[in-house]
Amino acid sequence: MRSSRTGLGLLGLLLVAAVFEVLPRAGLVNRDYLPPASEMAGKLAELLGDSAFWTATGQTLRGWGAGLAVAMVAGVAAGAVIGSVPVLREFTASTIEFLRPIPSVALIPLVVLIYGSRPESALVLVVYAALWQVLVQVLYGVADVDPVARDTARSYGFSKLSIARNILLPTALPYILTGFRLAAAVALILEITAELVIGVPGLGQLIGVAQSSGAVPRTYALVIVVGLIGVFVNSLARMLERRLLHWHPSVRREVPA
Amino acid sequence: MIRRIVAAVALPVVLIALWWLLTANSTSYFWPPLADILKVLPDTWFGERARTDIAPSIARLLIGYLCALVIGVAAGVAIGISPVLRALTEPSLEFFRAIPPPVLVPVIALFAGYTGSLSKVITIALGCLWPILLNTVEGVRGVDEVLLDTARSYRLPRHSVILPAAGPQIAAGARQALSIAVILMVISELFGASNGIGASVVQFQRSFAVPQMWTGIIVLGLLGVLLSLIFRVAEHRALAWYRGWRDAERASR
Amino acid sequence: MSVLEVAGLAKTYQRNRKPLEAIRELTFTVDAGQLVCVVGPSGAGKTTLLRCIAGLLEPTSGEVRLNGEKVTGPPRGMAVVFQEYGRSLFPWMTVRQNVERPLIEKRLSKPDRRAAVDEALSAVGLLDSHDAHPWQLSGGMQQRVAIARAIAYQPSVLVMDEPFAAVDAQTRAELEDLVRSIWQRLNVTIVFVTHDIDEAVYLGQRVLVLSNRPTVVLEDVTVDLPAERDQISTRSHARFAELRAHVYRLVQQAKKGLRETSPTL
């Protein structure tokens, strides 16, 4: 059963590739805009031997990782503090609700003015976008802590640190990991955006250059690479969730944010 | 009640006041006084620009988003009810979803150029399509078997049960898609567009009209907040049953 | 006049490429206006039988006929009440809308629908709750809504799949009496599947006892109790005890693998 599912999935991917092969070859789509899949694959293989490509990949992953790390640390810390103090929670709720939907891309002109096309530009955008995903999930997680468990721990004289480690963290962990997964995806989007739009060094910038210099198959090959990195980031986050939560009684459903 | 209003308003007021005070005598090039920004805001946006830039931006956003919604839900239902189709398409869909939507901008520009409205609408629609489609598939797959049997035995059309039952999950996808739509609306205008909010903001930035650039950031922020607010109100009404049902389920556990 | 005919029904599932014979051969008929209970040990294929009757599952061989017409899909003249009351009601609709929805599909006019819904809801004692959503009601009340929906549909056969397995004992007794009173008042034909022997004998005019898997009919027991039944007097009736003991023994034997009996009693 499982193997036939995987087989069908592979067949589906082949079909997509076949469509992308046939459309330009049959002349249904202009080859100058959409080269056949085999040509994309050829360029993809070429990329693997290109040192500039690997440098750019490293830059993209570094920018993504750094932004995500800052967002995770800041989001978890802020979420834990705000979530544990009812007054703080009450007074920050409206602000969080207001700031969250502000599109991070609105900040692009500002970071361009301040940092130009340096990696800091990307960092600001990535952190701003990813932070909310983490913060909101952590707030849900802290709110989910069983008050009885917390009171019990208090009455037994557990220290604040011990309560945080033994009660807060296990309850909030699934939410933190959900936040991580959402933030990882958003961080990648913003990193690539910054590279593409502002010209921060990385894969996004290569795509922009390839496109504007008319290297169409190379543009598509780079887009495929970026997609594969996206798939990789998603599976990494999901694997982390499974690994860290195998002890967890219920596989939690995502709280719609 | 008063306490709740105070709690909701206090921090925003403090933050705006801080912004005002900290930049009041600012001579910094990047951080003009908030007073100056607010002074130029109405003239910058609520005159001619409301028609020539704000309206086209919002129109493109809504058209692209609605196209994605219709196509995504229809295709998602078709894929969701067929196990074979699901197995066939799942890896491909996961791949398309994982492509960061902004890279669609240069790819679509290959076909339709950077300046026209069509390329922007297609970009927005294509970027919004995947979260809606995948969430719909997931929602349809999760529809209760007993509910489907009930519908069959009363000879009700299948979609009359599937669509509302998958509604909460579809809404989750639509919500994700909305923020992507705003991002793509802005980004698609950053590359040499002739009009639009994003195009104007870039123009201000390039001509070093810093207070005007700040007003653009504020307008984009307000637009994001406004759209999410409208979405929440619509969702709140359409899915009132879901909240009640979920709370009842939780209470019974 | 038989409304429902089950003839030579057999069902074999394919599980991991191995055949699993659930039902070997079932043949019986149900006359118009009868209340027939079906009991059997757990895993006797009761649900498989019910799903075949309801047209939700295609039999491997044999057939089900409703009013003389072969069942190939869910037939027009049948309504099903499922065990999982909470999951068979549409949570986005009110109680009234839940009952009314199938009637819209049946193209009843608006006033007719209104009258049918009101009648069905008052028959189950829920007219006051018509504006509530199902999840605002208790489990027993939810199952009443499902019953109301079924009777408003005016089926020639009402099929019930262990409808009271998930409610508490008190509610269960009330719902049993509700089914009896609806059956007597509205003159519907009911096939009632249950694993509870007391319930089968208390409710039915006939009790079909099923064997272990692969299933056959072990015995068709006629319940010759007075038509007026009452939770206290009927259940303390000597004949009730005899019938109950008889069915109980049959089910015990079925569990051990007995597949045929000579008609007794």
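How far apart do the end C-alpha atoms of residues 62–82 of chain B lie, and how much of the span is helix? They lie 30 Å apart, and the span is 95% helix and 0% strand. This is a predicted model: local features need pLDDT of at least 70, side-chain atom pairs count only at pLDDT 80 or more, and totals for chains, interfaces and linings use all residues. Residues are numbered from 1 along each chain as its sequence is written, and chains are lettered from A and ligands numbered from 1 in the order in which they are written.

**Chain B: fold**
- Chain B has 11 helices and 0 strands; helices (H or I, at least four residues) and strands (E, at least two) are DSSP runs, numbered from the N terminus.
- Its sequence reads α-α-α-α-α-α-α-α-α-α-α.
- The C-alpha trace of chain B spans about 70 × 55 × 30 Å along its principal axes.
- Of its 253 residues, 43% count as buried (20 or more other C-beta atoms within 10 Å of the residue's own, with C-beta atoms placed from the backbone).
- Take the contacts in chain B between residues at least 6 apart in sequence: 73% join residues at least 24 apart. Two residues are in contact if their C-beta atoms, placed from the backbone, lie within 7 Å.

**Annotated spans**
- An unreviewed UniProt entry places "transmembrane region" at residues 62–82, 103–133, 177–202 and 214–234 of chain B. UniProt positions use the numbering here, feature names are shortened, and annotations may be inferred rather than shown by experiment.
- Residues 103–133 of chain B are 84% helix and 0% strand, with end C-alpha atoms 19 Å apart.
- For chain A, UniProt (unreviewed entry) lists "domain: ABC transmembrane type-1" at residues 57–241.
- That span of chain A is 86% helix and 0% strand, and its end C-alpha atoms lie 25 Å apart.

**Chain A against chain B**
- The contact takes 45 residues from chain A and 44 residues from chain B.
- On the chain A side, α1 (2–25), α4 (86–99), α5 (108–115), α8 (160–198), α9 (203–212) and α10 (216–245) each supply at least two residues.
- α10(A) gives the largest share of that side, 8 residues.
- The chain A side divides into 30 nonpolar, 13 polar and 2 charged residues. Ala, Val, Leu, Ile, Met, Phe, Trp, Tyr, Cys and Pro count as nonpolar, Asp, Glu, Lys and Arg as charged, and the others, Gly among them, as polar.

- α8(A) has 39 residues, yet its end C-alpha atoms are only 45 Å apart. A straight helix would reach 57 Å at 1.5 Å a residue (1.5 Å times one less than its number of residues).
- α8(A) bends by about 50° at A:L169 (the angle between axes fitted to the seven residues ending there and the seven starting there).
- A proline, A:P170, follows within four residues.
- Just after α8(A), A:G199 takes a positive phi of about 90°.

Technical notes: Buried ≥ 20, exposed ≤ 12 C-beta atoms within 10 Å, placed from the backbone.
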